[in-house]
Amino acid sequence: RWQAVVDLDAGEGHAHVQERFESSLASSARAPAELVIRSDTAEGLPAWLSDKLPRRSAAKIEASLAQLQVLRVRCPRLKELPAPLLRRLVALRAIDLEGCACLQELPAELGQLSGLQRIDLEGCRALHTPPPHTVRLGPAAVIDYLRDLAATGSAPCHLVKVVLLGNERAGKSSLADSLVAGRPATRAEDDRTVGIDVCRWW
């Protein structure tokens, strides 16, 4: 079992990173069991790793991705995972997205991977699909959510919008704070909401 690493911040540029990745695949008789993609700056993964495989090595990369068991992505500025890449990972058993703080959603294609058993979303603070309350239930709940999303195009959502209306100094802000905190909370006399305040509660 060996690990392939794609460092998108390597000083030679993406073209050289691609060549080194292709060379590492060509020099090994076996496909890597684990792929690590890392970058401190990239907001997306390169096309040659997802939807536009390089012509000269497309078959080799495709075959390697089809046997991959573990994918680790270490890209704190990554905003999305490319669906074309995920569709190729038919043998994937685990995906580790720890620290992808800008990632906003997980594609439904992850739910189509029948062998997926583990998913790590530690530090994915911007994630809204699946919603945070599902993430807090653990990897199994996240995978079930993604399977529902893949099968029907939708998944159960238990979120509602709550609007608090009332007279001035009636305690609307204190009530909102209590709902968010899950315990009684009272604002100071001089801490009043002027106009409209919008907050998340989950």
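**Questions on a predicted model**

Q: Which helix holds Ser 173?
A: Ser 173 has its place in helix α6, which covers residues 172-181. Helices (H or I, at least four residues) and strands (E, at least two) are DSSP runs, numbered from the N terminus. The model is predicted, so local features need pLDDT of at least 70 and side-chain atom pairs count only at pLDDT 80 or more, while totals for chains, interfaces and linings use all residues. Residues are numbered from 1 along each chain as its sequence is written, and side-chain values use heavy atoms, with hydrogens and water left out.

Q: Why does Ser 173 count as buried?
A: Buried means under 20% relative accessible area, exposed means over 50%, and partly exposed lies in between (1.4 Å probe, protein chains only). Ser 173 has a relative accessibility of 19%, so Ser 173 counts as buried.

Q: With which residues is Ser 173 in contact, leaving aside its neighbours within four places in sequence?
A: Contact means heavy atoms within 4.5 Å. Leaving aside those neighbours, Ser 173 is in contact with Arg 187 and Thr 193.

Q: Why does Ala 47 count as partly exposed?
A: The relative accessibility of Ala 47 is 34%, so Ala 47 counts as partly exposed. Ala 47 is found in the loop between β2 and α2. Ala 47 and Leu 85 are 38 residues apart in sequence, and their C-alpha atoms are 9.3 Å apart in space.

Q: Why does Arg 169 count as exposed?
A: At 59% relative accessibility, Arg 169 counts as exposed. Arg 169 is in the loop between α5 and α6. Its phi is near 60°, a positive value in a residue other than glycine. Most residues other than glycine have a negative phi, and most peptide bonds are trans.

Q: What kind of peptide bond joins Thr 129 and Pro 130?
A: The bond is cis, with omega at about 0°. Pro 130 is found in the loop between β5 and α4 (132-136).

Q: What is the order of the strands in the sheet?
A: The order is β1-β2-β3-β4-β5, in an open sheet of 5 strands with parallel pairing. Two strands pair if DSSP finds at least two bridges between them. β1 and strand β2 (residues 34-38) are joined by 5 bridges, and Val 5 stands opposite Val 36 in β2.

Q: What makes β1 and β5 edge strands?
A: β1 (3-7) and β5 (118-120) each pair on one side only.

Q: Which residues have the most contacts inside the largest nonpolar core?
A: A nonpolar core is a set of buried Ala, Val, Leu, Ile, Met, Phe, Trp, Tyr and Cys residues joined through side-chain atoms within 4.5 Å. The largest one has 42 residues, and Leu 97 and Leu 106 have the most contacts inside it. The largest share of this core, 5 residues, comes from α5. Leaving aside neighbours within four places in sequence, Leu 106 is in contact with residues including Leu 81, Leu 97 and Ile 119.
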